[in-house]
Amino acid sequence: MSSGANIVQRLGRILLVSGLVTVSNGPASADDPVITYPVVFNSTAELEELGLSLDWPPSEIDTELKAPRFANGCYLYRGQDRDHVVSVSDDFLAAYRAIGFSRESLCMALVSEARFDPETGDRLPTFVLRDDSVLDRHLDDLNPDAMTPEVLGNYVPPIFATKSTFKAAIKRLKARTFSGLDETQLSVLVPASHHTFELPLRVPPCFKNGTPFLDCNWRFGLKSGRKLSARAPIKYREVGDALDKAIKAHMTTGDGKSPYEPDDPYFKPSPAVQKYLHIERLFADSLEPGVSFNANQLVLNLPETLSDWAGPAAWYAKSPNLPRGYGYALYAWSAYAESGGPAVSAAGLRMAFDATRRATHSKLVSLKSIVQKRAQQ
């Protein structure tokens, strides 16, 4: 068997391989299953069957970083109140290298929360990884009967009308029933670290250079899939040009050469960390009045007309393996994630527990068939 055929066969359980499988919200033929995205994985082992690991780091991440699950460590991803150790298998990476990606550009794209191809508007296969043990431990710790009056006063009121309604809400969540609970109540009952953001399993081809603002013809929203205005490609190109100029200048001058704190696990010199890729700087569109300059940030100082368009830019990294010497991620480790993530939403929680989205053995087997069949066409 040829090495190319071997890669396809090993990736048979993957619903993500760009260029090998066409993705839609409905079946491509009478024999293909309908896959509803995002696919929800209830364990890291399920996700790893696809050649992608979004592992939970050890609790002592600030002192020790575990080696990546697969040979190719990516950029560590800060999600909702929880960091994730991302890595990909050799076959996963090989499939993308075949269409022009590098390890760096693939890893940037995998944490960029892309849900739709910005050029075609096609729905991308995406996933959510949930950890129910986090939820159960949190609910067990929320014991109204054991709370002091002062602690209970944080919940009853203003969030729950009475102690009885508080207890009833906890019981309801333990039974995985979310009806009747508003967003504020869910934010109290469900820790943000319970499930990840929606992340891509297949990434847009135009992300292959690591500079999507310059390389993509932006016609559709990356997260919404909505048709963008006629000026969108122009504005995103202007943002890309501004980033290109600012990043190259920043790389030349070496401003803020020592990123983050000396003991930050993202940069700590150890054998495990050396297997990962290192984020260089965060973006900041501008500095608010009274806020001092942070050496970890590359302040763009963009004109107001480009400020909103540049919003998705999260951080950049430099690498000789990238065509322009650098690349950046979108919607990854951005301001809302760094500050702990958004409040848990009712819609997001229902999606995480939606049985139609759950990854199952039969679904993975069907996906294997789809990938193999499409690869032969």
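Colleague: Among contacts in the protein between residues at least 6 apart in sequence, what percentage join residues at least 24 apart?

Modeller: A contact means heavy atoms within 4.5 Å. This is a predicted model, in which local features need pLDDT of at least 70 and side-chain atom pairs count only at pLDDT 80 or more, while totals for chains, interfaces and linings use all residues. Residues are numbered from 1 along each chain as its sequence is written, and side-chain values use heavy atoms, with hydrogens and water left out. Of the contacts between residues at least 6 apart in sequence, the share joining residues at least 24 apart is 71%.

Colleague: How many helices and strands does the protein have, and what percentage of its residues count as buried?

Modeller: Helices (H or I, at least four residues) and strands (E, at least two) are DSSP runs numbered from the N terminus. The protein has 14 helices and eleven strands. A residue is buried under 20% relative accessible area, exposed over 50% and partly exposed in between, with a 1.4 Å probe and protein chains only. Of the 377 residues, the buried share is 53%.

Colleague: How many disulfides are found, and which pattern do they follow?

Modeller: A disulfide is a pair of cysteine sulfur atoms within 2.5 Å. A search of the whole structure finds two disulfides. With bonded cysteines counted along the chain, their pattern is 1-2, 3-4.

Colleague: Is the disulfide of Cys 74 and Cys 107 left-handed or right-handed?

Modeller: The sulfur atoms of Cys 74 and Cys 107 lie 2.0 Å apart. Cys 74 is in the loop between strand 3 and strand 4 and Cys 107 is in helix 4 (residues 103-110), so the bond ties together parts that are 33 residues apart in sequence. Both Cys 74 and Cys 107 are buried. The torsion about their S-S bond is about -55 degrees, so this disulfide is left-handed.

Colleague: And is the disulfide of Cys 206 and Cys 216 left-handed or right-handed?

Modeller: The sulfur atoms of Cys 206 and Cys 216 are 2.1 Å apart. Cys 206 lies in the loop between strand 7 (199-200) and helix 9 (212-215), and Cys 216 in the loop between helix 9 and helix 10 (232-253), so the pair ties together parts ten residues apart in sequence. Cys 206 is buried at a relative accessible area of 9%, and Cys 216 is buried at 8%. The torsion about the S-S bond is about 95 degrees, so the disulfide is right-handed.

Colleague: How many residues apart in sequence are the parts that the pair of Tyr 75 and Trp 315 ties together?

Modeller: The search of the whole structure finds 13 aromatic pairs; rings of Phe, Tyr and Trp (its six-membered ring) pair if their centres lie within 6.5 Å, and planes under 30 degrees apart count as stacked, over 60 as edge-to-face and the rest as tilted. The rings of Tyr 75 and Trp 315 have centres 4.8 Å apart and planes at 50 degrees, so this pair is tilted. Tyr 75 lies in the loop between strand 3 (72-73) and strand 4 (77-78) and Trp 315 in strand 10 (residues 313-318), so the parts tied together are apart in sequence by 240 residues.

Colleague: What is the relative accessible area of Phe 166?

Modeller: Phe 166 pairs with Tyr 155, their ring centres 5.0 Å apart and their planes at 20 degrees, so the pair is stacked. Phe 166 lies in helix 7 (163-174). Phe 166 is buried, with a relative accessible area of 0%.
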